[in-house]
Amino acid sequence: MDIDGFWDLIERSGRETDTRRARVAWLERHLSGLSAEEIVDYDTFWTITTNRACTWDMYALFCIVFDGPSTDGFEYFVNWLVSLGRETFEMVVDRPDRVVELPEVEHLRELQRSFFRGYRRTWRSEDGAFRLVRIALRRREIWPGEVYPGYEALGYVTFDPYLKVTGFETDHLGEAVRARGVIGKFPFVTVNDEPDGEEWDFGDEAEIARRLPLVARRYDSS
């Protein structure tokens, strides 16, 4: 399997299924029909691809626009970017703030606006004092699961197929990928596993405007 074959599976899995769960099952089914070497190929290209998006600028974009500082959430966000297909991924990987131009992200923004428009204010008595609280009238989740900008399960689709084909657990698969000289950047939890690029202060308005101008124009980063 080459990089084109990897992206073909990613994109076909999206076209031929209707839900995230079905998409994961589709990939697991197809990967189970491949050789162990091809499954390692897929996992290698997955790692190479997600590594490209593991940068400080991309992490800043995630923190400002989506979910706040969360290393796990950032990893699942990058998985979601891959799920959108090769053209979209390539568009944003070197210019992270182009994420805000995606129709999927504009849809998320509209869901967010609708969620907060669906709040009303009321007063509640607690311990003899009245405090202002908000009660959601429409839904509990801002972003339903099928559009949520994170896709954890997509990163695990090689695990069961590799076990079925080889009898080995995922640690063995990881070793096979590393034996090819490819080391994943996720999850980054130590100083030695930080994203690529220069770390910077995500709360610095001037730096946001310089590094992520589209984000600075469209979002309140405070």
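**Figure 1. A salt bridge between R211 and D57 in the predicted model.** The side chains of R211 and D57 form a salt bridge, with an N to O distance of 3.4 Å. This pair links distant parts of the chain, as R211 belongs to helix α10 (residues 205-211) and D57 to helix α4, 154 residues apart. R211 has a relative accessible area of 17% and is therefore buried, the cut-off being under 20%. D57, with a relative accessible area of 22%, is partly exposed. The model shown here and in the other views is predicted.

Figure 2. R210 and E207 are joined by a salt bridge whose closest N and O atoms are 2.7 Å apart. Both residues lie in helix α10, separated by three residues, or about one turn of the helix. R210 counts as exposed because its relative accessibility is 56%, whereas E207 counts as buried at 17%. Through shared partners, salt bridges join D57, E198, E207, R210 and R211 into one network.

**Figure 3. The salt bridge between E16 and R12.** In this pair, the closest N and O atoms are 3.5 Å apart. E16 has a relative accessibility of 47% and so counts as partly exposed. R12 also counts as partly exposed, with a relative accessibility of 24%. In total, the structure holds 14 salt bridges. Side chains of opposite charge can pair when their charged atoms come close.

**Figure 4. The largest nonpolar core.** This core has 48 residues. Y42, L61, F66, F74 and F77 are the residues with the most contacts inside the core. At least two core residues are supplied by each of α1 (3-15), α2, α3, α4 (56-67), α5, α6 (86-93), α7 and α11 (213-218). Helix α4 gives the largest share, ten residues. In soluble globular proteins, nonpolar side chains tend to be buried together.

**Figure 5. The largest pocket.** The space in this pocket amounts to about 550 Å³. Its lining consists of 24 residues, of which D43, T47, F159, G184 and F186 lie nearest the pocket centre. Two or more lining residues come from each of α3 (36-52), α5 (71-83) and α9 (170-178). The largest share belongs to α9, which contributes six residues. Sorted by class, the lining has ten nonpolar, eight polar and six charged residues.

**Figure 6. The second largest pocket.** The volume of this pocket is about 250 Å³. It is lined by 14 residues, and those closest to its centre are R20, R23, S83, L84 and E146. The elements giving two or more residues to this lining are α2 (20-32), α5 and α7 (103-117). By class, the lining holds four nonpolar, five polar and five charged residues.

Key. Residues numbered from 1 in each chain as written. Predicted model: local features only at pLDDT ≥ 70, side-chain atom pairs only at ≥ 80, totals over all residues. Heavy atoms only, no water. 1 Å grid on protein atoms, 1.4 Å probe; cavity = no way out; pocket = protein on both sides within 12 Å on 5 of 7 lines; lining within 4 Å. Points joined across faces, edges and corners; volume = space filled by probe spheres on them. Helix = DSSP H or I, 4+ residues; strand = E, 2+ residues; numbered from the N terminus. Nonpolar A, V, L, I, M, F, W, Y, C, P; charged D, E, K, R; others polar. Core = buried A, V, L, I, M, F, W, Y, C linked by side-chain atoms within 4.5 Å. Buried < 20%, exposed > 50% of the residue type's maximum accessible area, 1.4 Å probe, protein only. Salt bridge = Lys/Arg side-chain N within 4 Å of Asp/Glu carboxyl O.
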